[in-house]
Amino acid sequence: MINKRYSSVTSLSRKLMLYFSAIAILVGLLLYVTSLGVMQWIEDQVSQNELQQSQVYAISEFKGEANRPLSIGLHTMAYYSLDTVPVQYGDVSRYPIDYIGEVVSDSPYSALGDVLPKLLSNLDGQQFEEFFLLKSEFEYQGLRYPLYLITPSETIELSDNEWLVIKLAVFIIILLLFIAFGFAMHKLSKRLIEPVVQLNRQLKSASLPQAFTVPETSAAEFNQLAQSLNFYRQQTDAMIKQEQSFARYASHELRTPLTVIMGAAKLLEQDVSEAFQAKQRDRILRSAIGMQQTVDALLQLVKQEKGTEPDVPRPLQQQEVDSILESLQPLAKSKSVKLTLQFELAPIILLKPAVVKILLTNLISNAIHASDTGEIIIVITKGKISVKDQGRGLDKAVKEVSDGHGLGLLIVDALCQRYQLIFSLTANTSSGCSANLVLPLLYFPSAQSAK
């Protein structure tokens with residue numbers, strides 16, 4: 001398999017800055033040339049407008065027998081005949097009537113327009129007279145006379161030093177804009193990649209943080225990314241804890257039936273009578289079936305998956321509870337504790353028999369372990385199951401849970417969350433405490449009396 005080399009966000013940021021710099025330089029050059037061109041065009045337009053305004057005045061003066069040539073303003077000269085045009089301006093008769101623009105005297109490129117002849121003539125190294133020309137004609141006493149208005153370029157255009165100052169100012173402005181936009185681009189790219197760099201640093205850290213974070217100024221998508229990472233991390237941690245819990249739950253719940261199976265198997269060797277053998281085989285079979293149901297319930301709890309068959313509401317049978325109490329009688333007798341069942345009403349439940357067995361077995365077992373003697377009363381009503389003991393009290397029970405010894409109550413709490421039951425421990429008035437399971441209303445749409 002070929003390992004593909006990926007670019008880092010830092011290298012991508014550098015490439016982005018290079019691309020921006022290249023584009024900014026091209027844009028700057030275009031802006032520089034465009035701005036100078038626009039200024040040159042404005043300068044020419046001003047000169048041409050001045051010639052057009054002077055045309056009317058020159059015609060009126062020539063018709064009034066004005067001296068020839070005619071000086072208009074400080075820089076413009078008007079001529080009514082080609083013979084009166086100074087030779088330094090060359091042959092201006094070659095331009096069409098109503099022509100106006102900047103020309104170069106006797107330049108071979110004069111027919112190309114206004115500015116281009118000047119540039120090409122300078123490239124040839126030749127010196128020509130540059131001036132603005134307006135060629136027109138007027139009618140006087142039945143005759144048509146040509147009209148030439150000429151303004152030397154050097155008298156109205158900016159000097160080379162002035163153009164140098166303007167070019168330098170434009171260059172400095174573009175450079176400042178380039179620096180400002182470059183700085184803004186650098187800050188923006190840094191702001192964009194900083195959350196990625198910070199998340200990468202946190203992921204590579206030897207000790208992962210409690211929660212992945214990004215800078216407060218990060219975009220909303222990066223905050224969502226950090227939240228997603230935290231969510232999936234919590235999910236992963238929860239799955240790991242579930243796997244660990246399954247091992248503890250299985251060990252806790254399977255210990256009793258395994259002990260029964262091992263004890264019954266050993267007893268099979270001591271008595272060969274048919275009745276005794278049948279009794280022990282029955283014990284082994286019932287324990288194996290109980291183990292299978294317990295494993296199914298634990299898998300359903302830890303994986304948080306529903307069974308292949310939907311949970312169907314059913315009434316809790318008293319025989320089901322009696323069977324659970326019968327299996328706990330040996331433990332109760334060893335502690336001189338009496339188990340009493342008060343089955344008042346059969347609640348409607350969605351719990352499978354294996355789940356009911358795990359819940360009641362753990363609640364009653366914890367009550368037996370918390371009692372040195374006395375009586376444990378199991379009360380079952382329409383919407384509640386209570387296990388009341390006369391043991392060491394609520395503080396002791398809570399301490400056992402916090403110390404890790406009350407694993408049975410942790411199993412009960414996990415099952416209650418899975419099946420939406422409400423589990424609580426309350427202190428009794430006299431002594432001991434009560435473990436209560438409150439069933440949601442969904443569980444008992446109608447009460448049924450115990451039979």
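Two strands are said to pair if DSSP finds at least two bridges between them.

As a general point, strands of a sheet pair through backbone hydrogen bonds, either parallel or antiparallel.

These two strands belong to an open sheet of five strands, in the order E7-E10-E11-E13-E12, and its pairing is mixed. At the edges are E7 and strand E12, residues 422-427, each of which pairs on one side only. On average, neighbouring strands of this sheet are turned by 15° against each other, direction ignored. Helix H7 lies across E7 and E10, and runs at about 170° to E7.

In soluble globular proteins, nonpolar side chains tend to be buried together. The largest core in this model has 36 residues, and Leu316, Leu339, Leu351, Leu359, Ile364 and Ile376 are those with the most contacts inside it. Among the elements that give two or more residues to this core are helix H7 (318-334), helix H8 (353-369), helix H10 (407-419) and strand E13 (433-438). The largest share, nine residues, comes from H8.

Which residues does Leu359 contact, leaving aside its neighbours within four places in sequence? They are Leu351, Val412, Leu415, Leu421 and Leu437. There is also a second, separate core of 14 residues, which includes Leu51, Ile72, Ile100 and Phe132.

Phe132 leads us to another residue, Ser153, which touches Phe132 as well as Glu102, Glu130 and Phe131, not counting residues up to four places away in sequence. Ser153 is found in helix H3, residues 153-156. Is Ser153 buried or exposed? Its relative accessible area is 2%, so Ser153 counts as buried, the limit being under 20%. A polar atom of the Ser153 side chain lies 3.3 Å from the backbone nitrogen of Phe131.

Finally, a word on confidence. The protein chain averages a pLDDT of 78, and 80% of the residues score at least 70. Over residues 304-308, however, pLDDT stays under 50, and the model has nine contacts beyond four places in sequence for them. Residues 446-451 also stay under 50, with 14 such contacts in the model. Where pLDDT is low, the predicted coordinates should not be read in detail. Thank you for your attention.

Key. Residues numbered from 1 in each chain as written. Heavy atoms only, no water. Core = buried A, V, L, I, M, F, W, Y, C linked by side-chain atoms within 4.5 Å. Buried < 20%, exposed > 50% of the residue type's maximum accessible area, 1.4 Å probe, protein only. Helix = DSSP H or I, 4+ residues; strand = E, 2+ residues; numbered from the N terminus. Contact = heavy atoms within 4.5 Å. Axes fitted to C-alpha atoms, helices over the stretch in contact; angles between N-to-C directions. Polar contact = N/O pair within 3.5 Å; in protein donor to acceptor, adjacent residues only side chain to side chain. pLDDT = per-residue confidence, 0-100.
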